[in-house]
Structure formats: structure tokens, C-alpha cells
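Q: I would like to learn how to read this structure. Please take the features one at a time.

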Amino acid sequence: MKPAVAALVVFLSAQTGFSAEEKGIPYNTVNLSMKLLKSEKMDGQECVPWYVKSSKKGVPLDPEKARFRVRTWDGDEHPLKIEPLAGIPKDRLSEADKKQMADGYTHLLWIPKSKKEFMDGEIVHSFGKDSVEMVQGRAISGKIP
């Protein structure tokens, strides 16, 4: 079982190029990867934070222009909460947060966990293909089935 858990952690820590509006990241895939991750309540919904940054060197990520959201299979769009890492008080930053900041990640994107209305939808933004990178670097939940 240990190799499987190690492989899961490696998979979750891998960087992902984030596609543009035309084709996003399937919510089902992201949700599946979050099943065992610790989550936090945001606006009444269990969410997992993902670290995001601009993949273009010297170009800062502008969350208002990016408009991160989930587009459901029927075309409805739901904005995702995003917060700058620099705005989090230092005593609230985890070691993972500090490491990701050192690697250039600038924001936390809060993605709802197991939200039925998002199934078969996709996570999208308003920038060009491969202009945003995201990584999940938080701990696995202690509740492993």
C-alpha cells in the first residue's frame, strides 16, 4: 500500500498546464484526485486549494482577468474563489505554502470537492493555452478508506 500512496502524492504534486476557455481541465479528473486530500470549508462547501501562477516569465497572474470558473456540461458558469498567497498572514502559511511561494506560485484557487452540479464540467479561465500552471501540494486526509 505504501507505493500506491507515494505514487498518489507524486501525481498530485505534478504541475499541470492549464488550458484556455476552449478546453479546460475536466472537473471529474480534478475531483477524483482530491478524494483523499484534506479540504477546508469555503462558503459552506468543502474545497481543496490548488496553487496557481502565470507560466509566462515576468507576467504576473491577474485573477480578475483570468476569471477562474467551472463551466458545467450545460454551459452554466460558476466562479471559483481565488486568494493571493501574499495576502495570507505569515502565521497561517504552511510549509507547503512557503515552498510553493518560493517556486513562484502566487495564488490559491479553491476548487469544490465532489460538487454534483460540476460533474462532467470543466475548470476554465480566460487566458491562452498553457498560460497558467497549477499544482496541488497539500496533505492527504487521515481518513483513508
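Q: Which residue follows H4, and is its phi positive or negative?
A: Gly104 follows H4, and its phi is positive, near 95°. Helices (H or I, at least four residues) and strands (E, at least two) are DSSP runs, numbered from the N terminus. The model is predicted: local features need pLDDT of at least 70, side-chain atom pairs count only at pLDDT 80 or more, and totals for chains, interfaces and linings use all residues. Residues are numbered from 1 along each chain as its sequence is written, and side-chain values use heavy atoms, with hydrogens and water left out.

Q: Which side-chain oxygen reaches a backbone nitrogen at the start of H4?
A: That of Ser94, which comes to within 3.3 Å of the backbone nitrogen of Ala96, where helix H4 (residues 95–102) starts.

Q: Which way do the side chains of S8 point?
A: In a regular strand the side chains alternate between the two faces of the sheet. Here His107, Leu109 and Ile111 point one way from S8, while Leu108, Trp110 and Pro112 point the other way.

Q: Why is S8 described as largely enclosed by the rest of the structure?
A: Because 6 of the 6 residues of strand S8 (residues 107–112) are buried. Buried means under 20% relative accessible area, exposed over 50%, partly exposed in between (1.4 Å probe, protein chains only).

Q: Which residues stand opposite Leu109 in S8?
A: Two strands pair if DSSP finds at least two bridges between them. Strand S4 (residues 45–54) runs antiparallel to S8, joined by 6 bridges, and Trp50 stands opposite Leu109. Strand S7 (residues 81–84) also pairs with S8 in the antiparallel sense, over 4 bridges, and Ile82 stands opposite Leu109.

Methods. Polar contact = N/O pair within 3.5 Å; in protein donor to acceptor, adjacent residues only side chain to side chain.
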